[in-house]
Amino acid sequence: MTSLDPRLLEILACPVDRGPLSPVSGDRLYNPRLHLIYRIDDGIPVLLRDEAQEATSDEQKSLAAEIGDSSN
């Protein structure tokens, strides 16, 4: 999991849908609604849509299990 300050995690939002992001392993933030993964470089979230990675079906299942999302 990421080492971002919990207070920062509370206010970070996806730049696309403005919804919350979930920290996942590998220093990444995940938007389960849009299946987008944002990387964290040197402790700084890179919240640019052009830099986001779309999660594959397998990644979606794995990330949903990691964050405890039962909607997937």
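Here is a short briefing on the fold and the charged side chains of this protein chain.

The model is predicted, so local features need pLDDT of at least 70 and side-chain atom pairs count only at pLDDT 80 or more, while totals for chains, interfaces and linings use all residues. Residues are numbered from 1 along each chain as its sequence is written, and side-chain values use heavy atoms, with hydrogens and water left out.

**Overall fold**

- The protein chain has two helices and five strands, taken as DSSP runs numbered from the N terminus (helices: H or I, at least four residues; strands: E, at least two).
- Along the sequence, these elements follow the pattern α-β-β-β-β-β-α.
- The radius of gyration of the protein chain is 11 Å, which agrees with the value near 11 Å for a compact globule of 72 residues; the radius is taken over C-alpha atoms, and the globule rule is 2.2 Å times the number of residues to the power 0.38.
- Along the principal axes, the C-alpha atoms fill a box of roughly 25 × 25 × 20 Å.

**Burial and surface**

- Buried residues make up 33% of the 72 residues; buried means under 20% relative accessible area, exposed over 50%, and partly exposed in between (1.4 Å probe, protein chains only).
- The accessible surface comes to about 4,500 Å², with 49% of it belonging to carbon and sulfur atoms; areas come from the Shrake-Rupley method with a 1.4 Å probe, and for residues only the protein chains shown count as cover.

**Salt bridges**

- Searching the whole structure gives five salt bridges, each a side-chain nitrogen of Lys or Arg within 4 Å of a carboxyl oxygen of Asp or Glu.
- Arg7 pairs with Asp5, their closest N and O atoms being 2.9 Å apart; Arg7 is exposed at 61% relative accessible area, whereas Asp5 is partly exposed at 32%.
- Arg33 and Asp17 form another salt bridge, at 2.8 Å from N to O. This pair links distant parts of the chain, 16 residues apart: Arg33 is in the loop between strand 2 (28–31) and strand 3 (36–41), and Asp17 is in the loop between helix 1 (6–11) and strand 1 (22–24).
- Arg33 is partly exposed at 39%, and Asp17 is partly exposed at 30%.

**The Arg39 network**

- Arg39, Asp41 and Glu51 are linked in a network of salt bridges.
- Within it, the closest N and O atoms of Arg39 and Glu51 are 2.9 Å apart. Arg39 lies in strand 3 and Glu51 in the loop between strand 4 (44–45) and strand 5 (53–54), so the pair ties together parts that are twelve residues apart in sequence.
- Arg39 is partly exposed at 31%, and Glu51 is partly exposed at 39%.
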